[in-house]
Each structure stands twice: as C-alpha cells, then as structure tokens.
Amino acid sequence: MSTDLFTFFPNTAKYRPENAYWLGRAADLAYENGDKIAAEVGTWGFHQCRFFDRQETQAFLAGNDDMLILAFRGTEPNKLTDWLSDAEFDLVPGPYGQVHKGFLKALSYVWQEVRAAIDQMQTKGQALWITGHSLGAALATLATAKLRQEDKPVYGLYTFGQPRTGDRDFADRFNADFKSRAFRFVNKEDIVTRVPGRLMTYSHIGNYLYLDKDGKLSDDIGYWYRFIDCTKAVLDDLSELQPGLPLFEDHSMSNGYLPKLKLNINTYPA
C-alpha cells in the first residue's frame with residue numbers, strides 16, 4: 001500500500017499537478033482486483049468503493065464526502081494491438097459524434113452499473129473526477145461525454161496514454177463543452193497516443209500535456225521539439241545497450257507516467 005499522503009483539490013476545474021498524480025495512481029490501481037483496490041483507496045480516505053468487471057471491461061468508483069473517482073482499467077500491449085487493428089476500428093454514432101466502435105462497446109458492458117453507482121454514491125453533491133490509462137483513457141473520455149450529455153456535472157477528466165477515441169466532429173463538440181477540464185497526458189514516445197490515425201478522421205480531445213524524457217511537462221509542443229526529444233531518448237537507450245525501442249515502455253503507467261507526474265508536483269509553480 002502507498003505511504004504517500006493523499007492530497008487533492010476536489011473543487012477546482014483548473015489543472016493541478018496533485019490531482020494529475022493521484023488520478024494517475026487511480027488509473028494504475030484500476031489494473032488490480034476489487035479487494036486490493038478497496039484496501040488501497042481506503043488508505044486515501046475513501047470509505048466507499050464499487051468494482052465493475054464485465055466482458056474484460058473493468059473500472060472502479062471510489063467515494064467519500066468530498067469527491068468521487070471513476071477509474072477505468074486499460075489493457076496489456078498485446079491485447080491493445082488487437083483493439084487497434086481489427087474491425088472495431090469502425091466509427092459508429094456515439095455521444096457528441098462518431099466514435100470508435102470497440103471502445104463504445106467496451107464501455108457499454110459496465111455502463112448501466114457505473115451510472116447507477118454514481119447516483120447511489122453522489123448523495124452530497126460530491127465532485128466527480130474521471131480517469132483512465134490506455135484503453136481505459138478512451139473509456140473515461142466516452143463516459144465523460146455520456147455524462148455531460150445527460151447534464152451530469154463532471155469536475156475533471158485526466159487521461160494517460162490515450163488512443164484517439166472519435167472523429168473530428170466528436171473532438172470538436174467535446175472540446176467546445178469540456179476542453180478546459182480535460183487533460184490528456186502523453187509520455188515521450190508513447191505510440192498508443194498516435195492511433196487510430198488522423199487519415200481515418202480520428203482526432204484527439206482535451207488539453208495536450210507532454211512529458212519529455214526528463215519528466216518536464218509542456219503544454220505547447222511543436223512537432224520539431226517532440227521529434228528532437230524522442231530522438232535523444234532513443235539514442236540514450238541505444239547508448240546504454242538497452243534492447244529494443246521504448247515505444248511500449250513509455251506507455252507504461254507505473255514506470256512511464258507516474259514517476260514523472262510525481263516529479264511535477266514539486267516543480268509546479270505555487
């Protein structure tokens with residue numbers, strides 16, 4: 001269990017590095033089983049926890065008197081490749097526009113349970129926060145879109161290693177409604193964030209936050225800056241004789257994103 005003190009700003013719509021770190025922790029925790037999740041969030045001060053597991057879609061909802069966290073589990077790289085390469089690539093009608101067929105189907109397996117649990121836990125108007133990593137990031141985005149269309153308040157969405165989730169109309173409508181509260185993190189060369197491709201009319205949502213090889217956070221990244229940073233990272237790996245390129249290493253939540261998110265708590269301007 002964690003020895004870190006849970007520090008969160010539940011009632012702000014602005015970006016906070018503390019919120020990013022703990023929502024990243026929640027996205028990582030979503031890979032565990034229900035008992036471990038409940039025990040861990042209990043140390044964070046959450047006295048309620050529901051675990052959802054249907055058709056390989058998993059999520060949890062944790063609540064206390066101040067806030068709720070809804071976190072969706074991602075998937076392993078080999079399984080994610082299946083998600084991103086088969087017929088589920090098709091775009092189908094969803095909230096705000098056309099969205100990835102497979103992602104929408106995965107959310108549908110748990111959606112009714114999740115929606116009912118939110119209503120059951122949110123008895124004091126607690127702030128609702130949503131997060132996820134990888135496939136879980138796409139599900140978190142679709143869940144946010146569905147809730148927003150139902151006029152259900154969502155305080156913020158923080159995603160990590162997110163594949164593109166819908167078409168350009170979806171992204172435009174989502175951003176018009178919720179961009180100021182949506183933060184999408186990309187760690188260095190994370191290849192998952194580059195698919196499905198733009199040529200298939202897919203587009204990203206939210207505020208783009210880039211973590212470079214040293215963990216520096218940037219919100220205004222040009223193509224050449226990212227290209228040079230990634231090239232340096234590959235050369236560093238080769239110089240250390242590390243096998244393979246770090247495409248999926250950078251996608252890792254526990255080893256890729258979380259250390260850098262924690263680092264940024266201490267470097268963020270007061």
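Is Arg148 buried, partly exposed or exposed? Arg148 is partly exposed, with a relative accessible area of 25%. On this scale buried means under 20% relative accessible area, exposed means over 50%, and partly exposed is in between, using a 1.4 Å probe and protein chains only. I will come back to this residue.

First, the ground rules. This is a predicted model, in which local features need pLDDT of at least 70 and side-chain atom pairs count only at pLDDT 80 or more, while totals for chains, interfaces and linings use all residues. Residues are numbered from 1 along each chain as its sequence is written, and side-chain values use heavy atoms, with hydrogens and water left out.

Let me start with the sheet. Helices (H or I, at least four residues) and strands (E, at least two) are DSSP runs, numbered from the N terminus. Two strands pair if DSSP finds at least two bridges between them. Here 8 strands make an open sheet with mixed pairing, in the order β1-β2-β3-β6-β7-β9-β11-β12. At the edges are β1 (48-54) and β12 (217-218), each of which pairs on one side only. Inside that order, β7 (residues 156-160) and β9 (residues 182-187) run in the parallel sense, paired over 4 bridges. Leu157 has Ala182 in β9 as its bridge partner. As background, strands of a sheet pair through backbone hydrogen bonds, either parallel or antiparallel.

Next, charges. A salt bridge here is a side-chain nitrogen of Lys or Arg within 4 Å of a carboxyl oxygen of Asp or Glu. The whole structure has 13 of these salt bridges.

Back to Arg148, then. Its side chain meets that of Asp177 in a salt bridge, at 2.9 Å from N to O. Asp177 is in helix α7 (residues 168-178) and Arg148 is in helix α6 (residues 135-149), so the pair ties together parts 29 residues apart in sequence. Asp177 is also partly exposed, at 33%.

A second pair is Arg25 and Glu40, with their closest N and O atoms 3.1 Å apart. Arg25 belongs to helix α1 (residues 17-29) and Glu40 to helix α2 (residues 34-43), so this bridge links parts that are 15 residues apart in sequence. Arg25 is buried at 14% relative accessible area, and Glu40 is buried at 8%. Both belong to a network of salt bridges that links Asp4, Arg25, Glu40 and Lys262.

Asp119 and Arg115 both lie in α5 (residues 111-121), 4 residues apart, about one turn of the helix. Their closest N and O atoms are 2.8 Å apart. Asp119 is partly exposed at 40%, whereas Arg115 is buried at 15%.

Now the interior. A nonpolar core is a set of buried Ala, Val, Leu, Ile, Met, Phe, Trp, Tyr and Cys residues joined through side-chain atoms within 4.5 Å. The largest one has 36 residues, and Leu61, Phe72, Leu128, Ile130 and Phe174 touch the most other members. Helix α6 gives this core its largest share, 8 residues. Apart from it lies another core of 32 residues, among them Tyr21, Phe60, Phe160 and Phe185.

Last, how does α6 sit against α4? The two pack at an angle of about 75°, with axes 9 Å apart. Axes are lines fitted to C-alpha atoms, for helices over the stretch in contact, and angles run from 0 to 180 degrees between N-to-C directions. The two helices are therefore roughly perpendicular, a word that covers 65 to 115 degrees.

Definitions and conventions: Angles under 35 degrees count as roughly parallel, over 145 as roughly antiparallel, 65 to 115 as roughly perpendicular and the rest as oblique.
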